[in-house]
Every structure is written in C-alpha cells, then in structure tokens.
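Dear colleague,

Here is the structure I said I would pass on. My notes on it follow below.

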Amino acid sequence: MDIEREKQVAAEAAAELVENGMTVGLGTGSTVAYLLPALARRSLDILCAATSPRTEHAARELGLRIEDVASIDRFDLTIDGADQVAPDGWLVKGGGGAHTREKIVAGAADRFVVIADSSKPVPALHAPIPLELLSFGLRATLRRVDPASLRNVALSPDGGVIADYHGPVEDPAELAARLSATPGVTEHGLFPPQMVATVFVGRGDRAAIWAPNSAQWLIAALGLLTAGGVLVPVNTRFQEAEAADVIRRSGAKLVLAQQGFLGRDYAAPDGVPVIDLTSGFLDSGRPLEREVSGADLCDIVFTSGTTGQPKGVMMAHAQTIRAYANWCDIVGLRRGDRYLIVNPFFHIFGYKAGCLASLIRGAYTQAGVPVPAALAG
Ligand code: 5RP
C-alpha cells in the first residue's frame, strides 16, 4: 500500500466511527483531507468544527455543517493526523502549524482519534517540535526555548508565530512541561497519551490473539484480516513477560485474550488494551471490509523461542494463499472434507495448514461449521 492509500484507509476507518447527532472536531492536514469526503459520503446529521481555515473551506465545499468553535464546549469525537506517533502514545503534531487549535479541539473531545500512515509511528519522538509563539517578546521567547527556529510560514489564524524546537526530546513529559511553562509559548506540538483514545495506522494495524482454540479465535482472526489488519498469534504457553516481548516487538495495538483460561489473567504491556474474546466484544462490531493487495502483510507468527528469542515470521496474503493451496493439493484436502484440527491455532500448523486450508478448499473444520459457498475454492 502506498502512503496516500494508507492515509485514505486510516481516514475512512475513522469516518466509520462517526454517528448521527455527534459533534465532531476536524483536524488539519493531508490525512484529514481524506477524512472529509469519507464523512460527507455518509450523509450523517452531524455538527463539525474545523481547526484551520483550510479544513473549514474543504469541509464546507463538501456540504459538511461547520459551526464556529466558540459555540461548542465539547466534542463527541475529534479526528486528526499526526507527524509522529511514539509507542507509548505520545504524539507530535503541528506540521501544518495548526497545533494550538488542534490541541484545544482534541482536548475538548470525549474521544480523540488519530489517523496516520505508516511513516508516522517512530521508536522515539524527535525534533522538530512545532511551537506557536506570541509575537510580543519573540526574541526573548526564542532564546528561552533555544535551540529553535522560526518557520517560514504565515502567522497562525490567531496571530501566532510558528516556530520549531530542535533540541533533544528524551523525556516528552518533561519537555512538554518546560515548553508550557515558558512565557510567550502559546502552545507546543507534544500531545500526551492521555489525550489520545485511538490511533489508526493505515498500513494494517497489528492485533495479537492470545487465546486457546475456539470459534471466537477464528472469527476474531478472520475479522481482523477482512478489515486489513495483521494477525499476531501468541502462544498460550507464554508467560506474561514472554508474551509482552512479542506483543511489543510486533507492534500489536491490542490483545484479544480469553481471560480465565487455565486460571490465568492475560495482561499486555502498558498502553496495549486487552479485550476478552468471551466478553461479547465480537457481537458488538460492525462489518468492515478493506481492500488488501497480495503483497500486504497478513500475519506475523513467532517461533516458540526454544532456540533463543522468538523470531517473528512475516507473511503476505498471496504467499499464504499460495503456500496453503499447495498444501491442500499435497495432502489431498477437498471441498466438503471433514478436517479435525488438533494443533493450537497460535501455531502455523493449526492456523494455516488447518483453519486457512479448510477455508481455501471449503472443507469442514472441527467445529463442524460448513464454509460458505462463496468462500469455498
Ligand atoms: C497540522 C498537523 C497535522 O495533523 C500533521 O502535520 C499531519 O499532517 P499530514 O496528515 O498531512 O501528514 O498537526 O498542524
């Protein structure tokens, strides 16, 4: 998927979160530019406020109802792009110089959803950090936030001077506090994780399933793939630290577990939500289908770790279909066959040579669920 398509995919997924009657904050930037038509197409009865004249103009052109921010005291949802997304949820925003308004509208939202392409996640935040400064005392302010430079752009719509801080960003919380406490700094582009509800990364978000074999396991896995996501199966024998390692290294944004299995609580690293597969979560969603290409990643399956740290094997959709269609030919698996899968689904043999092979050929799995004719090969 190219970057533009990733932006579009993330924006369209976020547009699906909007419901009739909502008050929606609209961010600024090239990713938000994909959000606006996706929202307009849904013809919902919503009220929007824009964070920049550019967004306001584009939204109005598309027929979205834009209200003056001054008349809105809270938003149900704000959707905006980002320049950097750190693993712990900190963001850098303000590449378009709109971060002051963006932070106000994000901060006033019950839910702030970030839409981004795969160039935005970074291992650690780094400069430049956008600033908006008062023009009064500008030289003195610049000296206090040194090293910083003025950006060669127009003043913000609120008359602020746009600049960038170029120093180290070792501790974003400490830097954010320091910049906020500097007289003359109207706002900076560091957004804390507490502000952010969800980040949609268009490249195919990764989700881990850490649960025993069940129909829910399979429904969750296939739902994730249909939505363009990337599956990370996690070995149910892994202890918390082992699972945390593969969850962190795979970049999984959430973990689907079966709480209580083998009398255990399944916990993920900080910032990664755990959803119980047996909680009714799977009944609460709406179908979401995204186009993927054969070259797109479909899963990362980790080795057991018996010979060292588990290694993540990354496979694309076309590779998987090709390899397991061949497998079906080799073992003679045919449409309508009854296929008993005893291997764990977290293992490639259970999941791919078992579940996916059944789907490819239209065989019955051990659950006895016939494959819909449309899926049967
Ligand atoms: C504007 C912003 C943008 O959201 C950020 O720069 C990302 O922009 P894009 O979607 O064009 O990559 O903070 O002030």
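Helices α9 and α10 are roughly perpendicular to each other (a label for angles of 65 to 115 degrees), because their packing angle is about 80°. The axes of α9 (residues 317–331) and α10 (residues 348–361) are 9 Å apart. Helices here are DSSP runs of H or I with at least four residues, numbered from the N terminus; axes are lines fitted to C-alpha atoms over the stretch in contact, and angles run from 0 to 180 degrees between N-to-C directions. Contact means heavy atoms within 4.5 Å. On α9 the contact residues include Tyr324 and Trp327, and on α10 they include Phe349 and Leu356. By class, the residues of this contact are 11 nonpolar, 1 polar and 3 charged (nonpolar: Ala, Val, Leu, Ile, Met, Phe, Trp, Tyr, Cys and Pro; charged: Asp, Glu, Lys and Arg; polar: the others, Gly among them).

This is a predicted model, in which local features need pLDDT of at least 70 and side-chain atom pairs pLDDT 80 or more, while totals for chains, interfaces and linings use all residues. Residues are numbered from 1 along each chain as its sequence is written, and side-chain values use heavy atoms, without hydrogens and water.

The other finding is the ligand site. Around the ligand are 17 residues, each with a heavy atom within 4 Å of it; Ser30, Thr31, Asp83, Gly94 and Lys120 come nearest. This shell has 2 nonpolar, 9 polar and 6 charged residues. A polar side-chain atom of aspartate 83 is 2.5 Å from a ligand oxygen atom, and one of glutamate 102 is 3.0 Å from a ligand oxygen atom.

Regards

Notes: Helix = DSSP H or I, 4+ residues; strand = E, 2+ residues; numbered from the N terminus. Parallel < 35°, antiparallel > 145°, perpendicular 65-115°, else oblique. Polar contact = N/O pair within 3.5 Å; in protein donor to acceptor, adjacent residues only side chain to side chain.
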